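Student: I should like a close look at one part of this molecule, with its surroundings described as context. Please take the sequence and structure below as the starting point.

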Amino acid sequence: MKAVCPTCKKKIDWKESRYRPFCSERCKLIDLGRWASGDYRIPAQSEEEAEKEAESSEGQDADSNDRPNEGGNGKSPA
Ligand SMILES: [Zn+2]
């Protein structure tokens with residue numbers, strides 16, 4: 001069975017590689033290094049966004065109650 005080293009794209013023999021799916025220990029370490037340095041990013045919702053969403057859905061109810069006082073009629077408090 002043939003495989004391709006994810007690091008250097010070299011073809012390797014799956015059965016013969018001690019470091020599969022990498023062709024060598026070097027490639028394995030390089031790949032680990034990439035993870036550590038943030039080269040591979042896992043797309044995930046940031047905490048900030050999650051907070052924003054929770055805030056806006058919570059705030060909508062309170063906001064609709066207050067809205068008439070907040071300049072809906074164009075009056076500005078003197
Ligand atoms: Zn390699």
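Tutor: Residues are numbered from 1 along each chain as its sequence is written.

The protein has two helices and two strands, and from the N terminus these elements follow the order β-β-α-α. Helices (H or I, at least four residues) and strands (E, at least two) are DSSP runs, numbered from the N terminus. Confidence is expressed as pLDDT, the predictor's confidence in each residue, from 0 to 100. Its mean over the protein is 76, with 55% of the residues at 70 or more. Strand β2 (residues 11-13) has the highest confidence, at a mean of 91, and helix α2 (residues 47-66) the lowest, at 65. Where pLDDT is low, the predicted coordinates should not be read in detail.

A residue is buried if 20 or more other C-beta atoms lie within 10 Å of its own, exposed if 12 or fewer, and partly exposed in between, with C-beta atoms placed from the backbone. Of the 78 residues, 8% count as buried. The largest nonpolar core consists of five residues, Cys 5, Ile 12, Phe 22, Cys 23 and Cys 27; such a core is a set of buried Ala, Val, Leu, Ile, Met, Phe, Trp, Tyr and Cys residues joined through C-beta atoms within 7 Å. Two residues are in contact if their C-beta atoms, placed from the backbone, lie within 7 Å. Beyond its neighbours within four places in sequence, Ile 12 contacts Ala 3, Cys 5, Ser 17, Arg 20 and Cys 23.

Arg 20 is also joined to Pro 21 by a cis peptide bond, with omega about 5 degrees. Pro 21 belongs to the loop between β2 and α1 (25-37). In the loop between β1 (2-4) and β2 lies Lys 9, which is not a glycine and yet has a positive phi of about 65 degrees. Most residues other than glycine have a negative phi, and most peptide bonds are trans. Lys 9 counts as exposed because it has 9 C-beta neighbours inside 10 Å.

Helix α1 lies largely in the open, because one of its 13 residues is buried. After α1 comes Gly 38, with a positive phi near 85 degrees.

Definitions and conventions:
Predicted model: local features only at pLDDT ≥ 70, side-chain atom pairs only at ≥ 80, totals over all residues.
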